[in-house]
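Please open the structure in your viewer, with the sequence alongside, and keep a selection tool ready. The tour moves from the whole chain to single residues.

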Amino acid sequence: MNQETNTMSNREPIRASVATLAIQLVSLLVFTDLIYSIINFFLMKVYFLQGVLPFDTHRYIVFILAVLHIGKSIFQVLFVLKFVMKWIGSSYFIDDTHLVKRDGIISVIEKTFDLDNIRSITINQGILGKIFNFGDIVIEISAPGDYLDQILLSNLADPQKFEQKIRGHCKFVQ
């Protein structure tokens, strides 16, 4: 028990790239602000040009804009929290004999894979991944009884380093 606790504490978590988190957050904020700006432009144009809206809503445009702004802000905060919590809660560990994939903060789902069952490792990087040094790793595993599976490790920072760590612990993939 003591040795297992010591092994667990020595494992360094490997997380998704901070660059992918930043790209997701910036995309979310730009997209929601763009939609808000288009709606705001339309409503302000109607308000200042004394246009006519259905149901005599032009009298409430300032109130509608305030509600839209508050709604947009709440939407952005919730999705920023969602992206950050998903990033924090998703990690990978390698010890001497296992690869562990852990998802969740409150309710944790942990999958453990035997490193001796790994048959191949593939790194996928797009243009942004090469620029910001992140990518996906696909690990193919097999076991007796015709068991075949693929493990996708998404948006890892420095995928080549992670691949070398896995190869260093595997006896079949070198």
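What follows is a series of selections, each with a note on what is there.

**Before selecting**

This is a predicted model, in which local features need pLDDT of at least 70 and side-chain atom pairs count only at pLDDT 80 or more, while totals for chains, interfaces and linings use all residues. Residues are numbered from 1 along each chain as its sequence is written, and side-chain values use heavy atoms, with hydrogens and water left out.

**The whole protein**

Begin with a cartoon view, where the secondary structure comes to five helices and seven strands; helices (H or I, at least four residues) and strands (E, at least two) are DSSP runs, numbered from the N terminus. Followed along the sequence, the pattern is α-β-α-α-β-β-β-β-α-β-β-α.

Switch to a surface view: the accessible surface is about 11600 Å², and 64% of that belongs to carbon and sulfur atoms, with areas taken from the Shrake-Rupley method with a 1.4 Å probe. Of the 174 residues, 29% are buried, where buried means under 20% relative accessible area, exposed over 50%, and partly exposed in between (1.4 Å probe, protein chains only).

Strand 1 pairs with strand 2 (residues 90–94) in the antiparallel sense over two bridges, and Arg-15 stands opposite Ser-91 in strand 2.

**Three salt bridges**

The structure holds three salt bridges, each a side-chain nitrogen of Lys or Arg within 4 Å of a carboxyl oxygen of Asp or Glu.

Select Asp-33 and Lys-72, whose closest N and O atoms are 2.8 Å apart. Asp-33 lies in helix 2 (residues 18–48) and Lys-72 in helix 3 (residues 61–89), so this pair ties together parts that are 39 residues apart in sequence. Asp-33 is partly exposed at 31% relative accessibility, whereas Lys-72 is buried at 14%.

Move on to Arg-102 and Glu-110, where the closest N and O atoms are 2.4 Å apart; Arg-102 is partly exposed at 22%, and Glu-110 is partly exposed at 36%.

Then select Arg-167 and Glu-163, with their closest N and O atoms 2.9 Å apart. Both lie in helix 5, four residues apart, about one turn of the helix, and both are buried.

**Two loop residues**

Most residues other than glycine have a negative phi. Select Asn-133, which has a positive phi of about 60° although it is not a glycine, in the loop between helix 4 (127–132) and strand 6 (134–143). Finish at Asp-158, where phi is positive and near 50°, in the loop between strand 7 (147–157) and helix 5 (159–169). Asn-133 is partly exposed at 35% relative accessibility, and Asp-158 is partly exposed at 27%.

How values were computed:
Two strands pair if DSSP finds at least two bridges between them.
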